[in-house]
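This report is intended to be read alongside the sequence and the three-dimensional structure. Please keep both at hand.

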Amino acid sequence: MATIDFKNVQKSYGEVHAIRDFTLHVEEGDFCVFVGPSGCGKSTALKMLAGLEATTGGTISIGGRDVTDAGPGKRDIAMVFQNYALYPHMSVRSNIGFGLKMRGQDKAEINRRVEAAAETLELTDYLDRRPRALSGGQRQRVALGRAIVREPSAFLMDEPLSNLDAKLRVQTRSEIVNLQKRLGVTTIYVTHDQVEALTMATKIVVMRGGVIQQIGSPETLFAQPANIFVAGFIGSPGMNFFRGPVEVVDGRAQTRFGEQVVPLSVAPDALRGGEAIFGIRPEHLKIGGDTGTPVALGLVESLGTEKILHFPTPEGQAIGSLQKVIGSDDAGRDSATMLARVIDDRRYTDGETVRVALPEGKVHVFDPETQKALS
Amino acid sequence: MQKRSYLGTFGIYATVIFTCAVLLFPIYWMILTALSPRTQLREFPPRFWPDDPQWGVFADLLATQPFGLWMWNTILVAVATMVLSLTVGVLAAYALSRHRLRGGQGLGLFILTSKMLPATLLVIPLFAIFKSLGLVGSLWSVVIAQSTLIVPFATWMLKGYFDTIPPELEHAALVDGCSPLGALVRVVLPVAAPGLAATALYAFVISWSDFLYARTFLTTSESKWTLNVGIATLKGEFVTDWNTIMAASLMAAVPIIGVYLFLERYLVGGLSSGSDK
Amino acid sequence: MIDFSSPRHRAKFGYLLLAPAVIMMALIIIYPILLSVDISLQDVRIARVGGDREPWTLENYRWLTSSAEFWNSLWVTAKMVLTVGGISLIIGLATALLVNQKFRGRSLARLFVALPWAVPEVVATVIWAWMLDSSFGVINWALLKIGLVDQAIQFGSNSTAAFFAVCFVMIWKGYPLVSIMLLAGLQSIPEEQYQAARVDGANVWQRFFYITLPSLAPVLGVTSVMTTLWVFRDFAIIYVLTQGGPIGSTTTLSILTFEQSFAFFRMGQGAAVGVVTLVICAFISRALVGRFANSVH
Ligand SMILES: Nc1ncnc2c1ncn2[C@@H]1O[C@H](COP(=O)(O)OP(=O)(O)O)[C@@H](O)[C@H]1O
Ligand SMILES: [Mg+2]
């Protein structure tokens, strides 16, 4: 168990800056998830922490010890890889025990600990098999076993679930969380899947283009996204955005969504210029009331009682080319379409006109220049 | 897959058997001649079956020629060349495959082109160099000269093979506490075993087959000859002694054919660099 | 002591691994090539390293261009490359297609087909020398028996016969590797392509011309260049079978290089022939290197 600190860590591959100014503090026992779209530098950050890639600048410490130049074997960490990287020429037993053997533990002790780890992961019956003879889920557990048997001060995991099928992924997700809680080992977990991040993490680091966008608990990220990117990335589906005028009436700021006047909880002086970008989560939209803007439903996706309603952003309010909204599940959502998530027993049909209302206090305001949240 | 007709199946077997028969006939003829009494070799029509096999020919060969010594020299040269090229080749191939090294691309290109050097050109400067180093007449001269061809070849083959092994494997080994060399030896090499076997086979076959270098550098003393030099000389000296020459050829061919039969299964895979896995 | 597991020093470890190969290449390939160019520019009989050296001269290259032997060997090499390369490629492809069929005993067939490759060149050559013997050789007997010839062919003294004898041995020895390489190429063509073509109603020949040949084109290119260079390089087969004779009919550039250097001890002239051969080979291998440059990273 140890704290982990990145201080101004940089990484460039020639001209390409993979990581810029990465600064992060992870508490002992934290389950910290790096999340972001593919290619944003998550694996690179993790590999630098593991000592598998050299840093271009900055320092990395584990448990207060500067490990920036220490080899991977000298950092007291264990790692789980996306493709598991099990040693194909060794039995499961040797795979799990390899790290202990390299550290010069005696045979009896290795055996005891390997069997204890196997017990925990229900691998006891497979100890003498080769990885080739195991199912995907079992291989994944061997990879976990290889990590926990060493009782390291940190676990590093790089998309460990993405080679599993959907059902097994959900199940293993909670197994990993429980295991981590029980062992209390500081964990850094990399994923591109924001659902995994929200469900597993105690602390989330959202990254984009090698730059940290926001660090916070799942709740914070959901309720107070720091910028448009985080707002759109977190949540399923991600936040809706629209462009609107900023008007000040009686010292209070307000905007318009179609016909509806939307009061804002932001102090008027924070709003420069006559326009801003606004965000509203699909589950916060009120559908089918008597007030609000009438819209024609484009598409109704029904998941039983839960429904996702698609409708066009009001005339002239689409954020257009300002930025492609990076939805987590649907990369590059059409910015002229908004989504509402409703759970009720009403039937909605394509083409039907309903009223959409934005409740007060649920509207996020972003600076159109910097894309940062205003509050 | 549609089912083949009986005629088609028969056609395939007939063609395969015919091809193999034609290809292997010279080898059969070598064995047959080696075992035939010398007088029979001057009969027309020739006999196609050894009705009176003469096993004594091998003993005669060992008694009248320093044949055992030539065999031993050949083995020494082939093993030394294989070990040297494989060691140097493994290290270089691994570095080229895994490390983004400055100049690595140029070296890769160089390795490819050096496979095309005419050996008869290299033999001249090498002769001059070995002469000044006093290496002419030493088996080492042949080992070194052969490495000019085999090291680039081994490096190229092994790099292709290492490229198919995911780098996470040695990342895992490093995290588990191996040194970089330890990760190579304990994890990468065992996984690359089929590629190593294929490369070793190549190195061994090429080296066992060498005639030019041995003929040029080792001629001075008969006790330093390799099998190929010995056989070529026998052919020149005893023009009619075909059973002795064939017996010598058979003994030179048997070890390398044995190695081939043992390692052939890795050949196709090694050539396509494990891509058909 | 540097800790090579440190991310800071990992690249140094790479260079360290590369060092033996680089040093070795420099000493036993690059230096000798430069030295051979140097030798080719000197009027020397037996080259030495260090000590007195002759002044540089173009004498050897002048000899080369005016020598009938050189032009003859160039012509012989070209003929041999075309004969051996062409035939090896055609029957190599046929054999590869054959052993790529699904039938029982396929792996055994492959084992046998590639076997001649493992037979040392000298051994292969003496076997054929015996089979081609003009008095008691089995091939002459067979040819007489079938009635193809009415007199034993003198492979030793007839120029054309000697040339084809050399080609025979080269094909027998060299074509198995061609078929193995083509087989590897065939196996990397996805089966789905053939299934899709079959669904589209393509017959065997159409599948061969529209799928097999195009997919195999790069491998065919590489293989033909390899075979060409092999014929250029080969020494043992010709030297043991004919020693380049009769009257130069099997003297390739390779044999001429050796003959000048180690039979007549005119290493300057030998080196000149070798350097020219090298230049020709470099031009030919450009095709191969061009194809491979991408895969070398
Ligand atoms: N070895 C490398 N050479 C050059 N660029 C690299 C290398 N490895 C990664 N990158 C670049 O760094 C960025 C981050 O990669 P990575 O950390 O793998 O992203 P991810 O978040 O998907 O794990 C990518 O843009 C990638 O192209
Ligand atoms: Mg990644």
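## Basis of the model

This is a predicted model, in which local features need pLDDT of at least 70 and side-chain atom pairs count only at pLDDT 80 or more, whereas totals for chains, interfaces and linings use all residues. Residues are numbered from 1 along each chain as its sequence is written, chains are lettered from A and ligands numbered from 1 in the order in which they are written, and side-chain values use heavy atoms, with hydrogens and water left out.

## Regions taken from UniProt

An unreviewed UniProt entry places the feature "domain: ABC transporter" at residues 4–234 of chain A. Over that range the chain is 36% helix and 26% strand, and the end C-alpha atoms lie 24 Å apart. Helices (H or I, at least four residues) and strands (E, at least two) are DSSP runs, numbered from the N terminus. UniProt positions follow the numbering used here, feature names are shortened, and annotations may be inferred rather than shown by experiment.

For chain B, an unreviewed UniProt entry lists "transmembrane region" at residues 12–31, 70–95, 107–130, 142–162, 183–208 and 244–263. Residues 12–31 of chain B are 100% helix and 0% strand, with end C-alpha atoms 28 Å apart. Residues 183–208 of chain B are 96% helix and 0% strand, and here the end C-alpha atoms are 32 Å apart.

## Helix packing within chain A

Two packed helices are described by the angle between their axes and the distance between the axes. In chain A, the axes of helix α2 (residues 92–102) and helix α3 (residues 107–120) come within 9 Å and cross at roughly 130°. That angle makes α2(A) oblique to α3(A). Axes are lines fitted to C-alpha atoms, for helices over the stretch in contact, and angles run from 0 to 180 degrees between N-to-C directions. Angles under 35 degrees count as roughly parallel, over 145 as roughly antiparallel, 65 to 115 as roughly perpendicular and the rest as oblique.

On the α2(A) side, Arg93(A), Ile96(A), Gly97(A), Leu100(A) and Lys101(A) meet Ile110(A), Asn111(A), Arg113(A), Val114(A) and Glu115(A) of α3(A). Contact means heavy atoms within 4.5 Å. By class, this contact has four nonpolar, two polar and four charged residues. Ala, Val, Leu, Ile, Met, Phe, Trp, Tyr, Cys and Pro count as nonpolar, Asp, Glu, Lys and Arg as charged, and the others, Gly among them, as polar.

Helix α5 (residues 119–133) of chain B packs with helix α12 (residues 253–263) of chain C at an angle of about 25°, their axes being 8 Å apart. The two helices are therefore roughly parallel to each other. Thr120(B), Leu121(B), Val123(B), Ile124(B) and Phe127(B) of α5(B) make the contact with Ser254(C), Thr257(C), Phe258(C), Ser261(C) and Phe262(C) of α12(C). By class, the contact has six nonpolar, four polar and no charged residues.

## Buried positions

Leu278(C) is found in helix α13 of chain C. With 18% relative accessibility, Leu278(C) counts as buried (buried means under 20% relative accessible area, exposed over 50%, partly exposed in between, with a 1.4 Å probe and protein chains only). Not counting residues up to four places away in sequence, Leu278(C) touches Leu117(B), Pro118(B), Leu121(B) and Ile33(C).

Thr77(C), in helix α3 (residues 68–99) of chain C, is buried at a relative accessible area of 1%. Leaving aside neighbours within four places in sequence, Thr77(C) is in contact with Phe232(C), Thr252(C) and Leu253(C). In chain A, helix α1 (residues 42–50) is mostly covered, with seven of its nine residues buried.

## Backbone geometry

Most residues other than glycine have a negative phi, and most peptide bonds are trans. Asp76(A), in the loop between β5 (65–66) and β6 (77–80) of chain A, has a positive phi of about 55° although it is not a glycine. Asp76(A) is partly exposed, with a relative accessible area of 36%. Phe265(C) also has a positive phi, near 50°; this residue lies in the loop between α12 and α13 (267–292) of chain C and is partly exposed at 33% relative accessibility.

The peptide bond from Ser236(A) to Pro237(A) is cis, with omega near -5°. Pro237(A) lies in the loop between α8 (228–233) and β11 (240–245) of chain A.
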